[in-house]
Amino acid sequence: MTDLLSISDLSVTVRTPAGPLHAVRGVDLAVGRGETLCLVGESGCGKSMTALSLMDLLPGTARRSVGRFTFAGRDVPARGHGSIAALRGDRLAMIFQEPMTALNPTFRIGDQLIAVYRTHRRAPVAEARDRAVALLERVGISNAAIRLRQYPHEMSGGLRQRVMIAMALMCQPDLIIADEPTTALDVTIQAQILKLLKDLQADFGMGLVLITHDLGVVSRIADRVAVMYAGRVVEAGPAATVLGRPRHPYTQGLLDAVPRPGVHRPGERLGTIPGTVPSLIGGVTGCAFRDRCRRSVPACATTDPALAAVDGSAAVACVNPVPADAERAA
Amino acid sequence: MTAIPQTDRTAPLVEATAVTRHYRVSTGAFGHKATLHALSGVDLSIPRGAVVGLVGESGSGKSTLSRLLLGLETPTAGRVTLEGRPIAEIPRKQVARRIQPVFQDPYSSLNPSWRVADLIGLPLAVHGIGDGPSRARRVRELLDLVGLPGRVADAYPAALSGGQRQRVAIARALAIEPEVLICDEPTSALDVSVQAQILNLLLDLRRETGVAMLFISHDLAVVEHMTDRVAVLYLGRVVEQGATAEVFNAPKHPYTAALKASVLTPDDAAGLPDLALGTVFPNPLDPPAGCRFHPRCLRATDRCRTEAPATRDVAGRRVECHWAE
């Protein structure tokens, strides 16, 4: 598959009073047309910073450095024609976690949808409105023409997230980046929104980068997954391989920590990852996970392992990975 | 003066009977008042030593019920009892002595300007338990019980991680050895690896101290793991209630079935479920006639639209659906 978006050696450093915080440390990512890539990890692992840097939406205190950045086969310049700022909302769109803060509360949703379209297309208002109505209906909102006249506060969280998705689709983008799009929603709504994203992806052939902390979501929607820890991708590959036969001790630890009917008996103790995430202020030497890792060896203190291929299709950044034939359910 | 009912040791520890709670809310800038039906005739009991789960979506009334069970609010109708005696008639401090809350967000539930030792020791001081040195010893014991090192006693909450703060909140709740913990989404603000630590801690505490719990969560996999019994709330009504394994393995109410189907565990390569669930949302200011679930239920008939189903015993549990069998 030719890559729709690819970025190499992405690093993000955030200025803090205590010194530079290395939020993202040398990440390579690629996503193809029609493909879903999930970035998964816990708070502070750098997944949101990665997403924001793909969209060129980093806060002013953050600085980005990139090796190579291509979109649709072309190098992405820092500014001007073909830059992310020019493509954003048109070829690339973003869906945020909390649609109440992402939508402007003072404008009717119709005006917001129409503005997105007319920013990028020389089109009459009527055409933009027709497209907004069609897309609201496509994302499962009934009475779309009436909804256009409503303000965001008049809608439920699930409906607002559907509006956000319709807004992302206004210019029929090639790539959607969704940062925890269902975390603020109830479980039944989550399943319906994810299903909608998957269906829309099949219809429009978009690439989808989905950021989540929920391995259940990953297993149901991802083609490929990149597990992040302390600003690094520690394991990457086809979702079924990575979740079915995790090789990085961190990935395995995450999977063991989630209660799973059929795997855990009710009331049984869950697997835990001892300790806490290390500070990324200043430098990190060796593997950032080693203090919490049950498989750490002396080399972990000195070697910062790079992603290396295992099992053919997956890659893991670990000096002492979980053996391929280990018992998983333990 | 009315006679105070005697405490009944055979009654469930905490019990809500036909509890209704309405709020008068303002619906607009011009002061129109409306009635929000948060709970409408809910029965729930927490037996001694049991862990009871409460699930439902936002706005279903989970947190309102937890506040009523804590005695922080009084029901509009119906009653909440502690060993058979209405909580409203028991002095506030005596209720707090036996029922303690653990809240969702350990960032806002701990006073940031207090040291951990004072936070955990406050319930002991309020209830006049022990003197200075014995309270200090008890604080160390509690820190040990919840798996925190003794040096944390002198720290302020800001120096602790989210998981450590939730351990402090649990230690504080346990300080006066209550019989029931009301845990309202105790792990939803935490990362999965930390969530597992806190869930393990609650499981250990249950084994070691026999404390009963109401465990409120939107995460059904967690509720299935943690609880003996479960009640499913929908728009202020308990639509299904019974033994956790039975309710989740063979749901009888269509809403429970949809909730169960929407649990995304990392085992399944089944893809995303096609939920048999509409997307029309009910308004708690104006609950639908008939069955409250009918606007979203794909099996709804004319009967469901006009006649509210009675709660019936079906397959060893309580179900509120005309068609459950």
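A residue is called buried when its relative accessible area is under 20%, exposed when over 50%, and partly exposed in between, using a 1.4 Å probe and protein chains only. By that criterion Cys38(A) is buried, with a relative accessible area of 0%.

The structure is a predicted model, in which local features need pLDDT of at least 70, side-chain atom pairs count only at pLDDT 80 or more, and totals for chains, interfaces and linings use all residues. Residues are numbered from 1 along each chain as its sequence is written, chains are lettered from A and ligands numbered from 1 in the order in which they are written, and side-chain values use heavy atoms, with hydrogens and water left out.

**Cysteines**

A disulfide is a covalent bond between the sulfur atoms of two cysteines. Here the term denotes a pair of cysteine sulfur atoms within 2.5 Å, and over all chains the structure holds 0 of them. For Cys38(A), the closest cysteine sulfur belongs to Cys45(A) at 13 Å, too far for a bond. Cys300(A) likewise takes part in no disulfide, the nearest cysteine sulfur being that of Cys287(A), 5.8 Å away. Cys300(A) is buried, with a relative accessible area of 7%.

**Architecture of the chains**

Helices (H or I, at least four residues) and strands (E, at least two) are DSSP runs, numbered from the N terminus. Chain A contains 11 helices and 13 strands. Its radius of gyration, taken over C-alpha atoms, is 21 Å, close to the 20 Å that the globule rule (2.2 Å times the number of residues to the power 0.38) gives for 330 residues, so chain A is as compact as a globular protein of that length. Chain B has 10 helices and 12 strands. The radius of gyration of chain B is 21 Å, close to the 20 Å given by the globule rule for 325 residues, so this chain too is as compact as a globular protein of its length.

| Chain | C-alpha box | Buried residues |
|---|---|---|
| Chain A | roughly 65 × 50 × 40 Å | 52% of 330 residues |
| Chain B | roughly 70 × 60 × 50 Å | 53% of 325 residues |

**Contacts and surface**

With contact meaning heavy atoms within 4.5 Å, residues 24 or more positions apart account for 67% of the chain A contacts that have a separation of 6 or more. In chain B, 64% of contacts between residues at least 6 apart in sequence join residues at least 24 apart.
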